[in-house]
Amino acid sequence: LPRSKNMLVARRSIICYKRFCHVYKQKYLPSSEIAEGLAKGVIYYENGLLVLNKPYGISFSQDNTKFKENDPLEISLATILPFLKKYLNCTDVINVRVPEKYISGVAIFCTDKSLQEKFHKMLLRMRTEGQPSDLYESVVIGEPIQEMSHFQGAIKLENSPSTREKKAVLVTSCTKGERVRGVAKKIIITHRTLASNNNASLVEVGTTRNSWHCVRIYLSTVLLTPVLGDNVHGSRVRSIMGQSVLVDKFSPVASLPQKLPPEILSILKLTSVRDVAIPLHLHLSKVVINCFDRRGTHLEFLAPAPETFTWTCNRLGLS
C-alpha cells in the first residue's frame with residue numbers, strides 16, 4: 001500500500017485500540033479470579049465478621065432466584081462464594097449488609113446467624129437515633145445548590161396517575177399507615193461538597209439507609225446534581241439555558257439515558273455516552289457502627305474507591 005494509506009490504516013487502528021482500552025471498559029474475569037482479588041483485599045476478617053470491598057457491577061445479593069444458572073458468564077455472589085470460602089478457609093458466609101449491584105464499596109458478611117441478627121439490631125438502633133451509618137462518595141454532574149445540608153424525612157413510593165408504575169420520591173414526612181404498608185421509610189441524609197471543577201463535583205453523602213436508590217434520588221432531585229453514570233435517575237435533571245431544571249419523575253424524558261455536557265465527555269476521552277458504558281460513580285466508602293458491644297466498641301470499615309472512580313476524579317480535577 002502507498003504510505004498515505006498505511007498511515008490512514010494505522011490511525012484507524014490506534015483509534016479503535018484506544019476505544020477498546022478505555023478505563024470504563026469492563027473486562028470479563030471468571031469467578032475464581034474475582035474471589036481471589038476479594039480475598040487479597042479483605043478489609044476486615046475477625047471474630048466472625050468478614051468485610052469485603054465489593055466491585056462495581058456484581059450482585060452480592062443472596063437471592064438465588066436472580067441467578068441465571070444456565071448462563072456460564074453470569075457473575076454473582078452465588079458463583080464467587082465457593083472460591084471465596086476456599087481462599088478464606090471458612091465454611092459459611094452470611095450476607096449482613098451489602099451495596100446494590102451497581103454500587104461499589106463496603107460489603108459486610110458474617111459466619112454466624114446470631115451475629116447477623118446482632119448487626120441488624122445495631123443498624124436499627126442507629127437509624128432510630130438518627131445516626132447515619134453509611135458514608136458514600138459520588139462524582140456528580142454540576143455543582144450542588146447547597147455546599148452542605150441535612151435532610152430529614154422519608155423515601156416514599158408514589159403511583160403514576162396514568163399507569164401502574166411506581167417511583168420513589170423524597171418527602172419531608174410520611175404517615176404511620178404508609179410505613180406499615182411498606183410504601184414509605186423514614187430517612188436522614190446529610191451531604192457536603194468536597195470539590196467542584198469542570199462542571200462536576202465530588203460529594204460525600206451520609207445516610208441512615210439506601211432503600212429505593214434514595215442516595216441517587218437525593219443527589220438528582222434535591223441537589224440537582226445527578227450521579228455520573230446514573231441512567232435510572234440521571235435524566236431527572238435537564239439543563240435549560242444554563243440552568244438545572246427538575247423533570248417530573250413520570251415524564252418520558254426522565255427515563256431517557258443520561259446526557260453529559262460536551263466538556264465532560266472530552267475530559268473523559270469520550271465522544272458520546274454510547275462509546276462505552278459509564279459506570280455509576282457512587283461508592284460506599286465507609287460504614288460506621290457505634291457501641292457494637294457492651295464495651296462500647298466502635299466499628300468503622302473503610303473501602304478504597306475503584307480504579308474507574310479515582311481515574312474520573314483525576315481527569316476532572318476533583319481531589
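**View 1. Tyr44 is partly exposed, with a relative accessible area of 23%** (buried means under 20%, exposed over 50% and partly exposed in between, with a 1.4 Å probe and protein chains only). Phe301, in contrast, is buried at 3%. The model is predicted, so local features need pLDDT of at least 70 and side-chain atom pairs pLDDT 80 or more, whereas totals for chains, interfaces and linings use all residues. Residues are numbered from 1 along each chain as its sequence is written, and side-chain values use heavy atoms, without hydrogens and water.

**View 2. Five aromatic pairs are counted** (ring centres of Phe, Tyr or the six-membered ring of Trp within 6.5 Å; planes under 30 degrees apart are stacked, over 60 edge-to-face, the rest tilted). One of them is the tilted pair of Tyr44 and Phe301, with 5.5 Å between the centres and 55 degrees between the planes. This pair links strand 1 (residues 44-46) with strand 13 (residues 299-302), its partners being 257 residues apart. Tyr56 and Tyr102 also form a tilted pair, at 5.8 Å and 50 degrees; Tyr56 is partly exposed at 23%, and Tyr102 is partly exposed at 40%.

**View 3. Lys185 lies over the face of Trp212, 4.6 Å from the ring centre** (NZ of Lys or CZ of Arg within 6 Å of the centre and within 35 degrees of the ring normal). Lys54 is likewise placed over Phe60, at 5.8 Å.

**View 4. Leu219 touches residues including Val140, Val203 and Leu224, not counting residues up to four places away in sequence** (contact means heavy atoms within 4.5 Å).

Conventions. Helices (H or I, at least four residues) and strands (E, at least two) are DSSP runs, numbered from the N terminus.
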